[in-house]
Amino acid sequence: NQIDGNYIGAENYTELYGHAGLFPLLFALYFLFVKRNKDGYPFIMLAVLSLLLSFGKYTPIYKIFYKFIPGLNFFRIPATFLYIYIFALIILSCYGMKRFLDNNEDNRKRTLFSILLITSTFITLIVIIFHPLDWLIKSIKPGLYSAIVSKTMTNAAVHTLLLLIIFCIFYFIKIEKKITSIFIIGFLMIDLLFIAYPLLRTAEISKQNEQYSWLKEISEDKSYFRIYDIKSIPQETALRYNIQKITGMDPIILKHYFHFTNLLIDNYIQTTTEQLPITGSQNKNLTNPVILDLLNVKYIISKQKLDSYKNLIMTSEYLDKEGSRIFVYKNSSMMPR
């Protein structure tokens, strides 16, 4: 969970994982190994293709599709293909669960799935006892390793092992269909809640707003204007003060607008598959500040001083919750809305 500091991936956490629960994955594998039929082939192909596309630049597949399939170059974040993967996985798991409950599988194929299930359980047990993932992260990305990351991986492995054992009980010991259905649904709900609950954090709006006290000053200006925030205040936070940012919400940035705003820092990027560079440009010079004028930008919020720009007047200085200095500048040459 990124909030707890035990997630070692990139930002946009909710767009970068494809977790539908362990039971659906097991039922999908059951369908593939034991009772596959032609009805499921389109969804098998869809799951494989969307999973490969979600890897983006890390496989040649996305580059080929991006270049030759009309319309695909409108998509900026390849990881969002995981939504299609999850959809296909759920359909396959429904096929698998139905055949699992019907209990009429081929014994030879059942043996293959049994080996897979037992092997997965054994590997998970090894992960709990010997912590090979700790060694792997220390070797590849030592800067990301911490005690809380190690503890979280162990907890995840224990969680996985328990669900694998429960699935093995239902698989190897024949239990009445109705009872099995009830327990499977119950464990599936627990599994999903176990993953989702830590992300559902709530807090008083007033306490959240205290983190961005400099926005209160800007909100007292009742004229029409936008702001350029080098510090990357979330748009939803700015909206609480009825303030608009020129960067907007990054998942819905238009390609031409993206290229235009990046002229501000002379960043001639040709692809929109990465995050907006403009939002993290605190170490770059504003080489074309006229862009701010054209975009009706009246206030600039920065972590560095911008005194070299003659049309920018510093109005105030703050400290954020980390103790970093925040400078608020007013643009005297901005054009009206």
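With which side chain does the side chain of S316 make a polar contact? In this predicted model, local features require a pLDDT of at least 70 and side-chain atom pairs a pLDDT of 80 or more, whereas totals for chains, interfaces and linings use all residues. Residues are numbered from 1 along each chain as its sequence is written, and side-chain values rest on heavy atoms, with hydrogens and water left out.

The partner of the S316 side chain is the side chain of E217, at 2.6 Å; a polar contact is a pair of N or O atoms within 3.5 Å, of which, within protein, one must be able to donate a hydrogen and the other to accept it, and residues adjacent in sequence count only if both atoms are side-chain atoms. S316 belongs to strand β4, residues 312-319. Helices (H or I, at least four residues) and strands (E, at least two) are DSSP runs numbered from the N terminus. With a relative accessibility of 14%, S316 is buried (buried means under 20% relative accessible area, exposed over 50%, partly exposed in between, with a 1.4 Å probe and protein chains only). Leaving aside residues up to four places away in sequence, S316 touches E217, I326, F327 and V328, contact meaning heavy atoms within 4.5 Å.

Helix α2 (residues 41-54) packs against two helices. Its axis comes within 8 Å of that of helix α4 (residues 82-102), and the two cross at roughly 150 degrees; axes are lines fitted to C-alpha atoms, for helices over the stretch in contact, and angles run from 0 to 180 degrees between N-to-C directions. α2 and α4 are therefore roughly antiparallel (angles under 35 degrees count as roughly parallel, over 145 as roughly antiparallel, 65 to 115 as roughly perpendicular and the rest as oblique). With helix α3 (residues 60-68), α2 forms an angle of about 95 degrees, the axes being 7 Å apart. This makes α2 roughly perpendicular to α3. In this contact, L49, L52 and L53 of α2 meet I61, Y62 and F65 of α3.

Most residues other than glycine have a negative phi. H131 is located in the loop between α5 (107-130) and α6 (132-140) and is partly exposed, with a relative accessible area of 31%. N242 occupies the loop between α11 (235-240) and β2 (244-245), and its relative accessibility of 70% makes N242 exposed.
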